[in-house]
Structure formats: structure tokens, C-alpha cells
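Try each task before you read its solution.

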Amino acid sequence: MLKNYFTLAIKVLGRRKFFTFISLFGISFTLMILMLITAFFQTELGGDAPLGKKDQLVYLDYIETFKQYQDTIPEVDSTMMDGVMRYDTTGFKYEDSGRSMSRGPGSIKFWTTHMEDVPFVKTRTIYTAYQSFDIFINSNKLTFSSTFTDGNFFDIYNFKFLAGGGFGNQQVENQAQVVILSKEACKAYFAIDRDFDAAIGKEITLDRKNYEVIGVINRVNNSFSFLKSDVFIPYTNLPAETLNKERFNGLFSCTFMAESSSKVRNVKEELTKRSKVIPLPNPERHDQLEYYPATFGERYAWTIMRMETPAESYKYALGALIFLLTLFFMLPTLNLINLNISRIMERSSEIGVRKAFGAHSGNILFQFVFENIVLTFIGGIIGFVLAMLLLNAINGSNFLNGTILSFNYKVFIYSFLICLGFGVLSGFLPAWRMSRVHIVNAIKNNQL
Amino acid sequence: MIKHIFTLIWNKKKKNFLLFLEIFFSFMILFAVFAFIISNMRVYYSPLGFDTKNVWVANLRIPSSSDSTEIAEMKTLLLQELNAMPEVESVSFSAGAYPFSGNTWSTGNDKNGFDFQTCIFFNDEHYAKTAGLNIIEGRWFEEADNTSKYTPVLITKKFREQCFAGKPVLDSLFILEDDAEESRLNNVKIIGVVDHYKYDGEFAEEELGTFIYTPSTSKDTWVTHLRMNNNVQPDAEEKLNKMITAITKRADFSIRKLEQRRIQNSQSTWTPMIALMSISGFLIINVALGLFGVLWYNISKRRSEIGLRRTVGATRSDISFQFIAEIIMVTLIGIFVGLFFAAQFPIMKLFDIENINYYYAMLSSAGVILLLVLICAFYPSRQAAMVNPAMVLHED
């Protein structure tokens, strides 16, 4: 039976080429764009390496130290005494009048003295996306972006090593001059194209120091600056004055990895509790500490849409996304419904005959929804091809500023579901109307 | 007449409702996209205020904890050596907030009789020349300002217009930062006005700005701005790198070209804008094709009605007019309902953009939709008018 419906659907498509073109145009472009959006989210938030453990992570990018200035306003009450009005100060009200604040990443001192052994945390790493270095090789300028970090970094972020491995905490403590290079940096500096093992043990000069290459990784192509660096170096190699800062503000951000993804909430609570009890180094300047631990998704939303807290940003960003996608989805669907409804009459004689020979409304409904799904899938295939072409064009032109969209089986499955949803949604209303056509009217109005 | 057309639409309300919905949603989407694009483009076309071509910037990280005299000597040497290079036209030092750095330092108070919040930039005496600032009143800093009693500052035109409108500003004092940690920011003297300084990028709305004099030998300013001339050799960067490394004894810096930074910075706005424009462009084509198909189909279903009207004396243009008027009526209803919702944006101040952008967006999206519908309705209604009454009446 499905085979029959399928043949029929193809025949109908061939009948009115102009309408088929309009429908397919709308379907394929809509699906193409939805597939691209899916690919974008998969790249940014999908949990591909090195973000395989993203559900366990809690981020602390910034800390704020501040002092609140208050205006004192006396509250005055009036009473009648001996026929004379008298005013009395009954209390003082404090009103926030200003805040002197500094916000930024934390210093080594802050993280090591106050942020060790947080309950529910399995391990944590501190890192800084430091300045880029200019390196000249045969008068060619190479600019390497750098991340300085500790040994836990490579436990939390599961980078894919093409050769060698990460550095450990022991090496960080010993100020070992070791470096992990991205594939691209390795190519540019050593002219090693394929056999990356050959790069291990070689030396590279950065900031007038020689570093030994101990690992080569695939460069990350998302928008996280500290993950997509060209070189990763133990943080103890930074200039001494950045390491020994007494103040809380420094260069480093921190990622905590909870014992399990269900403990993320506990970690956030523990961290927030801590902010109230940590003593500040110079209270006459700033006497309060505030920070906002964020989960992976919340942190991402916070970087795009800055609200008071990461959780709030997440809520708003999600809401805005759903709203926009619905709106975007709505228009092509409405368009297709409109077209399909206009064409009801064309098929009414067929429906009449089928009904006269005993088909239920349900049968008719199913047939037309099925036909529409066939149409959607043809559009989907065209859309898929277009999406692939556009994906390559976007990646080739660096349109997303270094973010390279990847396409994998997950995106394919999502695209399939999108097609199915689109087909059912846009086919249901016209099919339902069609299935309710009265037999007598259907046969009478049309010449067979 | 209008009432009659309205009746016609009303009789087919089920069919027209979906058309109405489609037009309503198209309007809303177009409105949102236009509001975003128009507000961005209006900012984009306001002047940047400084040169990016041939200007290079290097952020040297030197600890401010080092000895002041030592640093002053180092910076004097750096300045001399850099100026001695044949490619370099001028050199200037500034603090961390500079064009496209993404850093903002700001301050504000209400102690002067007006409330203000201004971005602050710490620059030396060579910056106006290096960056190519346009000074419209007074003068830029000079080395002699080092000894002046009050810290000399320049303000931007926007600051002047907002807080000192109609008054002379040169040599007047005001409180820049109330209770400042650095006492030199308490009372400052305005010595000039700078035309524009849209330092945060081409798509960032210009904010109030104040340039604060910081001598080039200061230990707080380490961002080096270099204005290069037109005959820069390819090895200039390497030479610069080596020279700076030799003097500062550090190499953890990168020389960046301001022109490239400008392009990169704008790209982060161009990307969503182009994506949005192409998506909505596609949606519009999609809607137009759909509309065309629906109208064409509907009109061809009404051949007998047309035949009858022609027989009783309606001219061809009467027929086309009727169909166009019908669809325009549906469109107008859709647009009016859309305008009602769109008007909530400027009224409720939902986003931080000027109201005028919303009005432009309303006008342009209404215009685009009306034009689109007219184009889509034109051909089918002409087809309808061409109907031969005798043939049609015979068919039925």
C-alpha cells in the first residue's frame, strides 16, 4: 500500500511542475538552513573533543571584588507636641549610591589559597588565554595564540593527541619548559605535515625561551579562545610578577570538574557559599567578593547575552532561540499549508471515488500526509546537498571567524527528524480538510 | 466599494485567514530584521574618528611594579629608537583601552551639576598625530602639560554637546572622578575637543569619551601605537620585533595592524547580519512564490465569476482592479495587526536601540511587503482579465 502511495505521490508531483517547484524550493531551503543551524550547535555545544565531559563542568571565568558606597538618609517622623509640630529622627535608611568594582580573572594566589578542595569537585584547572606571540621564520611572520595552564587541563579537556601527550602537574611545578603544539602551528614552524611524531622532542623558541615539544593536538574549531590556542605551556613559565600577585585579580580563569554531572548543582552551591567567607586582601579598597559559577550551557549563553547572572542569560537565550526558530519555521510551513489547501479541489474527484469504494477518512488522511512526507524528503535531500555545499563555502571563507562547522551522523539524524516533523506539520491540515470532503460533492463538482 | 471588497474577503475568510497569517508573520520577521540592520547601519555610517590604515599596535606587558626611573629611561630609549626607524612616522604610548582592544575604562558622577558616564583613555602627547584624531576646538597635549596644576584632558564632541552645550569649555575645570584613588583625576581641565572617537568598533555606538594626559615616560602606559609611512618593507615587523625585544628584554607581544583589527572586529557584526539578511531574503522569495501560486490558482478557480461580470459590462481593468484590491485588503489587515505588535517595541523600550530605527523598520517592512504582494498579484489578475466571457460561460 505504501508503495502505491509512493508511486501516486511521484505522479502527482510530475503533474503540475510549477507548484512542485514552489513547494520544493521552500522545503529544501528551509531544511538547508535548519541543517546548518544544527551543524553550528553541534560544533559549538555538541560535546565533541575536547569538550567530552562538558556536563560535569562548572566555570568561573571572572571574579568581582567591590565596595558598596551608601548614602545615609535620616528618616524623620513628625508629632504634635504642645500644639507645636516637632520632627524626630526615628532611624536611618541606607541607599546604594555607587559601587567601586573591579572584575576580571583571578590570580594564582586566589585560586590556590581559596579554591582548593571544594566539596564535590573531582579536579579543577586554571588557565589563561595569554597574549599572542610573533615568531619570525625566514622573514615569515607567524602569530601563535597561547594558553598557559596546569596539568589538570588535559584531564578535563580530552584533546585528541596526534602525537605525544599532555604535561602533568609535576612538570608544571618544576617549571618544565615543555609545549603542546596545534597541528597547524607544527606545520608552520617545523614544516612537518604528516608524521607528527617527528616533532616530539624538537625545540621551539617562544618569548626568548626554548621549549621542548611534547605533544601535537588537533586544533579546536569552536569559539572558546582558551581551547583553540596554537601553543599550550605550563603556567609557571609566565613572568614572575604575574604569578606572585597578592591581589585577587589576575590572569586566570578556572574550570571545576564535578564528581559526576548530577553533582554540578552542588558544586555551584558550594562555590557561592564560599564567596561570602573568603577574606579580601585589602578591605579598605574592596571589601566584598562576588562571582557567578556557570555550567557549560550557562557560560555559553552568558558570553552572547550578558545579563545579571549566567542562569538568567541561559533562560533568556534559550527563550529567544526557541522564539526565533518557531517564527522561522512557521512561515515556510504556513506557505506550504496555503499551497496545499489551494490544491485540494484538484484531487477531490480522486477522493470521492476512493471514498465511494469504502476508504475511511483516516485512510485518506494518512495517504495525504504520507504524500507530503515524500515531498518533504525529496526537498530534504536537495536541502542536504545544498547544506553541504554551503557548509564548505562557509568554512572556506572563514565567515564564522575560525569556527569550522563539522557535519557528523548526529547532525544527520537531527536533520532526518526535522524533515519528518516539517512534513507532518505542513501536511496535516490540508490532508485533514481533504479527508472530510463529502463523497457526493466531490464526485459531482468534477469531471472525472 | 471598500465595503464590497471587504464582504468578498469575509466570504472566504477561512482561505484568507491563512494568507493573512502568512503576511502577518512575514511582516513581523521583516520588521525585526530591518530594525536590527537599520540600527547597525546607522552606527556604521557615523565616522570612526581615527585612522586605521598604516597604524600598528603592540601591547607590551611590562610590570608596573618596576622602578619608575628605570622605566622612564627604557621608554625614552624605545621612543628614540622607534622614531629613528625610516618606516616609522610617529610613536605613541597609551594604556589598555585603545581602538578595538575590547577594553573599556569608564567613570562618572553627578557632582558637577550634571550626570555623566564617560569612557577614559590615557594617552601621551603624540597620540593625536599617530591616530590622526580631528581636533575641533583647542589643542592636543604638549610635553609642557606635564607640569600643569590640573590634569589636562580633551573631551569628545558628544561629551561636549551632552554636558556643556552652548557654553565655552576651553580651560574650564570639572570633577572627573569623585573621590578617585588617583588624585589627579579629581579635578581636570579641558584643553580641547575631539570630533569623534568610536574606539570600540564600527558597529559600536559612540559613547562619551575623555582623553587624559599621561606623559610618554609614564610607567602605566604600555600599548605602543606606531604610525608607519607608505614605504614599509616586508621585514619591518621583524626589525621592530627585534628592537623592542632588545630594549624591553621580553618577547611576549604581538604587533597587530589596526586595519586588520578593524576588519575582524566588524566581522563579528557582519556575520550575523549577513546570515539574517540571507535567511530573510530566502523567506521573502519563498513567501512570494507561494503567494503567487495561491493567487494564480484561486483566480483560475473563479473564471465563471469573471465571465459573468464581463458579460454584465465590467471592463478588463475592472476585473484586475477587483483582484488586486482584494489581496491588497488582506495584506493591509495583516500589516496593521503587525504594526500594532511592532509598536510595542518602541513603547515598551524592549531593546537598547533608538526609537527612530523602529519607525524606519516599520515603514520599510510595510513597503517591501506591499510591493511584493502587488508584484505577485499583478500577473494572475491580468490573466483573469484576459478571460473571454463567451468561452468561460460556455464551459460551466
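Predicted model: local features only at pLDDT ≥ 70, side-chain atom pairs only at ≥ 80, totals over all residues.

Residues are numbered from 1 along each chain as its sequence is written, chains are lettered from A and ligands numbered from 1 in the order in which they are written, and side-chain values use heavy atoms, without hydrogens and water.

**Exercise 1.** Decide whether A:Asn340 is buried or exposed.

*Solution.* 
- Locate A:Asn340 in helix 10 (residues 310-342) of chain A. Helices are DSSP runs of H or I, at least four residues, numbered from the N terminus.
- Apply the cut-offs: buried is under 20% relative accessible area, exposed over 50%, partly exposed in between (1.4 Å probe, protein chains only).
- A:Asn340 has 13% relative accessibility, so A:Asn340 counts as buried.

**Exercise 2.** Find which side of helix 6 of chain A holds its buried residues.

*Solution.* 
- List the buried residues of helix 6 (residues 183-190) of chain A: A:Ala185, A:Cys186, A:Tyr189 and A:Phe190.
- They cover an arc of only 100 degrees around the axis, so they lie on the same side of helix 6 of chain A. The arc is that of the directions from the helix axis to the C-beta atoms.

**Exercise 3.** Describe how chain A is divided into domains.

*Solution.* 
- Chain A has domain 1 (2-48 + 317-445) and domain 2 (131-237). Domain bounds come from an automatic or database domain assignment.
- The centres of domain 1 and domain 2 of chain A, taken over C-alpha atoms, are 47 Å apart.

Definitions and conventions. Helix = DSSP H or I, 4+ residues; strand = E, 2+ residues; numbered from the N terminus.
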